[in-house]
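Q: Hi! I'm new to this one, could you walk me through it?
A: Happy to, here it is.

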Amino acid sequence: MRFRSAAILACISCLALAQDTNLLPNAGFEKVTKAAPTGWNAQNFRTGGVPTIETAKPHGGTRCVALQSRNATERLAWRAKVPLPKGTRFVTAAGWYRTEGVAAARQRGVTFRVHFYGKRDGRYLELALRQVFFPPSVEWAETPNKLFPVPKGSEHVELQVFNWLTPGKTYWDDVRLRPIGGKELAAMMPQLAASLGLDREHKL
């Protein structure tokens, strides 16, 4: 059962890679409005740090973004919040990053968070938060494609890319956030059933 569940999630993740839809605006940070990437804003959570737009050594195009922490108490992010298409069951998140002066440490350094927002009991709230960490890399490295289920009632999703609680600088570029809906899941079920020996009526 554990193998089947892992295989199903892997297939869903691969399906997202085949989708052209990227929910994020200005995902390569090429457009700039008032000293920030268009569609994005910086947040330091009252801890300090320096968010910048960089033109030296981007992964693609002519720009990337960076986040510099001067000590182990600063955490800061570039973030973009977007509407979720109706019927989205999962999202996948990924992107490219590189680091300068960031030491390897457990749950510090390079990370992104995915936040889901929607109404519950008539109030607009954060419904869930998921966070994933990655090892430092002086050369551009692509994060694994991370899969997240969408909580019931979600209306918006936000990606935050960080340098987290460690001295150094993390660069981000060509980030993506892709939706998977019920129609896509239904279309892939025959292939899943054939490869995993599932009953045709099995539902995710």
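A: First a term: helices (H or I, at least four residues) and strands (E, at least two) are DSSP runs, numbered from the N terminus. This is a predicted model, where local features need pLDDT of at least 70, side-chain atom pairs count only at pLDDT 80 or more, and totals for chains, interfaces and linings use all residues. Residues are numbered from 1 along each chain as its sequence is written, and side-chain values use heavy atoms, with hydrogens and water left out.

Q: Is Leu127 buried or exposed?
A: Leu127 is buried, because its relative accessible area is 13%; buried means under 20%, exposed over 50%, partly exposed in between (1.4 Å probe, protein chains only).

Q: What does Leu127 touch?
A: Leaving aside residues up to four places away in sequence, its contacts include Tyr117, Pro151 and Ser154. Contact means heavy atoms within 4.5 Å.

Q: New topic: how many aromatic pairs are there?
A: The whole structure has 9. Rings of Phe, Tyr and Trp (its six-membered ring) pair if their centres lie within 6.5 Å; planes under 30 degrees apart are stacked, over 60 edge-to-face, and the rest tilted. One of them joins Phe133 and Trp164 edge-to-face, 6.2 Å centre to centre with 85° between the planes.

Q: Why does that pair tie together parts 31 residues apart in sequence?
A: Because Phe133 lies in strand β9 and Trp164 in strand β12, residues 154-164.

Q: And is Trp164 buried or exposed?
A: Trp164 counts as buried, at 11% relative accessibility, while Phe133 is partly exposed at 27%.
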